[in-house]
Amino acid sequence: MSEGMKRNDNKLFNSLYKITVNDVVEKRNKLTYLSWAWAWAEVSKICEEVDYEIYRDPETHRPYLFDEKTGYMVFTSIKVNGVKRDMWLPVMDGANKAMKDEPYTYKVKEYKDKNWTGNYIDRTCEAATMFDINKTIMRCLVKNLAMFGLGLYIFAGEDMPEDVSMLEPASERSKKLFLDALQLVANKYEKTIDEAVVALTDAAYITADDSKWTKSDLGVLKRGVNWLEDQYRDETKEK
């Protein structure tokens, strides 16, 4: 069973969460994959103690569980600075279908010129091999490491990691995000903080194709504007 997060664990979480992984990921079939070797190296650089364990079936000693109806599942555990987290992942093919010990077919919609013809065609999911199982185990370790913070934002669908700290009250974190966004606008356009408030709320003024802005900048701006909108909604509700 995974252990709860303590104050020092949160400091580690934040240091790992803030690492930008965008340059070392690849996307396939709408899923984002992070290099396991890079992920392990980054955590090992920061953490005093890190170790992992791959679950093995107690009867067969194989590194997976298998069910004839549902397929294969692998499990990993990672312990960082005394805190243990568990993770699991099914063995899937390139179409994200659960692989089994025998090939099987399934139906998908048939499209022509990007339009559904109204018909269905057969697709085949091949049987799993040890290569597939090994690949899934390594991906499971990456997902496991994300529970400690590294690359977690990509699993949440975010473009960039935010500056988070669970050591501060929620209202203080939100205020800090907004102030960071204001300061960013003020620096980029050489404006005062008061002028930056106006610029920050002007959606047409700041565009993604403006060479002044990096992806990280835009992430900060997005969260700053979101917080400002939340404040406005809260104030209008009270009135």
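A salt bridge here is a side-chain nitrogen of Lys or Arg within 4 Å of a carboxyl oxygen of Asp or Glu. Take K45 and E42: they form one, with the closest N and O atoms 2.9 Å apart.

Before I go on, a word on the model. It is predicted, so local features need pLDDT of at least 70 and side-chain atom pairs count only at pLDDT 80 or more, while totals for chains, interfaces and linings use all residues. Residues are numbered from 1 along each chain as its sequence is written, and side-chain values use heavy atoms, with hydrogens and water left out.

Back to the charges. How many salt bridges does a search of the whole structure find? It finds 2. K45 and E42 sit 3 residues apart in helix 2, so about one helical turn separates them. Helices are DSSP runs of H or I with at least four residues; strands are runs of E with at least two; both are numbered from the N terminus.

Is K45 buried or exposed? K45 is exposed, at 60% relative accessible area. E42 is buried, at 14%. The cut-offs: buried is under 20% relative accessible area, exposed is over 50%, partly exposed is in between, with a 1.4 Å probe and protein chains only.

The other salt bridge joins the side chains of D122 and K107, at 2.9 Å from N to O. D122 lies in strand 8 (residues 115-125) and K107 in strand 7, so the pair ties together parts 15 residues apart in sequence. D122 is partly exposed, at 46%. K107 is exposed, at 57%.

Now the rings. The structure holds 7 aromatic pairs. Rings of Phe, Tyr and Trp (its six-membered ring) pair if their centres lie within 6.5 Å; planes under 30 degrees apart are stacked, over 60 edge-to-face, the rest tilted.

Why does the W40 and Y52 pair count as edge-to-face? Their planes stand at 85°, with the ring centres 5.4 Å apart, so the pair is edge-to-face. W40 lies in helix 2 (residues 36-46) and Y52 in strand 3 (residues 50-54), so this contact ties together parts 12 residues apart in sequence. W40 is partly exposed, at 24%. Y52 is partly exposed too, at 41%.

W116 and Y120 also form an edge-to-face pair: 5.6 Å centre to centre, 70° between the planes. W116 is partly exposed, at 39%. So is Y120, at 46%.

Y111 is placed in strand 7 (residues 104-112).

One aromatic cluster is formed by Y64, F66 and Y72.

Next, lysines over rings. K97 lies over the face of Y106, 4.7 Å from the ring centre. K100 does likewise over Y104, at 4.8 Å. The test is NZ of Lys or CZ of Arg within 6 Å of the ring centre and within 35 degrees of the ring normal.

Last, cysteines. There are 0 disulfides, a disulfide being a pair of cysteine sulfur atoms within 2.5 Å. C125 is buried, at 0% relative accessible area. C140 is buried as well, at 0%.
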